[in-house]
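Okay, thanks for having me, everyone.

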Amino acid sequence: MSGSFLTGLECPRCGARHDATRPQNLCSCGSPLLARYDLDAVGQAVGPTDIAGRAADLWRYRELLPVGDPAHIATLGEGWTPLLPAARYGAHIGVPRLLVKDEGLVPTGSFKARGAAVGVSRASELGIRHVAMPTNGNAGAAWALYAARAGLRATIAMPAAAPVITRKECVVAGAELYIVDGLIGDAGRLIAGLIGETVFDVSTLKEPYRLEGKKTMGYEIAEQLGWRVPDVILYPTGGGVGLIGIHKALGELRELGWIGDKAPRLVAVQSTVCAPVVAAFEAGARRATPWPDAHTVAFGITVPAPLGDELILDALYATGGTAIAVDDAELLADLRDFGAREGMWLCPEGAACLTAARRLRATGWIGADDEVVILNTGTGLKYPDSVEAWPES
């Protein structure tokens, strides 16, 4: 069985190369690192037909993932989520070719399981025994559960306003849990004080392998569409790891020749009350300015200062994409409208993409014939307060 074709780590800002055989955090210039692979060797070893016969999980793309020894893989069956047509709602907003990639069906109930599965597995392979991270909820829950699966220790810090179910997931997994009165940056400062020789920092983009798990959403979208890409992909953007990962994945597939030259236009969706990427994009900037007083019902995108701002913006500029901020009241209304029409309870972050698609269609940025993919990044069941339920009188 073929394994990983990982060759090293590269800094996208300064171009420095880093050794992938030992634990790495950021480049000395402060940029996140990206995993690189011998794509020529991958192309000789495997092709789309080979992958089609493999198990329906994200490890079907193992040559393009960083774990070399399968003995270190910590898995709960993550990946290969459905790409579902939403024709009824799509027709309602003028986007009849609307599709939803439903990440609510993965273990832990959110797409964070992808990053945790690959990040924890690679950490285990590199000899790391204790991981620590701040979180808005779902990532910490996923890393706690996968760490338990791999026999690693986990320390998690999250804001008190994070979804309650996510802190319970951490408790179930035996993680050391800290609750902070503040935002994810405050949780990050707490974790920074705990990092040492025996505790490894796995904060968003501070280690390079969470992104590799998230990028498999891009592989799956292409494979599920018959090794082609849609016209538009909308992604709810907090830390932006999934958007960066999808862009990276589709670039790798183009270089392999498994898809054509077309790149989907990527859309970063944020909240009007936490929109640092939108502000930077509208200004034509390459860096985002931290957003003051950030808060939104779509708690997963409450990231006032994303570390990967350069990589997010580069992906938007490179694909002719855009960034848009939506209002909490609108996204909650669209969440209910979509559920009534399609029978799916999206998370608030996924519902934000519905609002964005509706508004972008109204302006003509999305065309009537465009094939549009929305990322629903988690199950609505984790956010029971997103819907008020009163019986008929």
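**Aromatic pairs and a helix crossing**

So, this is a predicted model, and it holds five aromatic pairs. Let me show you two of them.

One is Phe-111 with Tyr-235, edge-to-face, with 6.1 Å centre to centre and 65 degrees between the planes. Phe-111 lies in the loop between β5 and α4, and Tyr-235 sits in strand β10, so this pair ties together parts that are 124 residues apart in sequence. Buried or exposed, what is Phe-111? Buried, because its relative accessibility is 6%. Tyr-235 counts as buried too, at 3%.

Next up, Trp-227 and Trp-258, also edge-to-face: 5.6 Å centre to centre, 75 degrees between the planes. This pair links distant parts of the chain, 31 residues apart, with Trp-227 in the loop between α9 and β10 and Trp-258 in the loop between α10 and β11. Trp-227 has 17% relative accessibility, under the 20% cut-off, so it counts as buried. Trp-258, at 10%, is buried as well.

Now the helices. The axes of α4, residues 112-125, and α5, residues 138-150, come within 8 Å and cross at roughly 40 degrees. That makes α4 oblique to α5, and the crossing is right-handed. So who touches whom? On the α4 side you've got residues including Ala-113, Ala-116 and Val-120, and they meet a set in α5 that includes Ala-142, Trp-143 and Tyr-146. By class, the contact has ten nonpolar, three polar and one charged residues.

Last stop, Gly-43 in helix α1. Gly-43 counts as partly exposed, at 37% relative accessibility. From Gly-43 to Glu-63 is 20 residues in sequence and 9.6 Å in space, C-alpha to C-alpha.

Conventions: Residues numbered from 1 in each chain as written. Predicted model: local features only at pLDDT ≥ 70, side-chain atom pairs only at ≥ 80, totals over all residues. Heavy atoms only, no water. Axes fitted to C-alpha atoms, helices over the stretch in contact; angles between N-to-C directions. Helix = DSSP H or I, 4+ residues; strand = E, 2+ residues; numbered from the N terminus. Parallel < 35°, antiparallel > 145°, perpendicular 65-115°, else oblique. Left-handed = near helix turned anticlockwise from the far one by under 90°. Contact = heavy atoms within 4.5 Å. Nonpolar A, V, L, I, M, F, W, Y, C, P; charged D, E, K, R; others polar. Buried < 20%, exposed > 50% of the residue type's maximum accessible area, 1.4 Å probe, protein only. Phe/Tyr/Trp six-rings, centres within 6.5 Å; stacked < 30°, edge-to-face > 60°.
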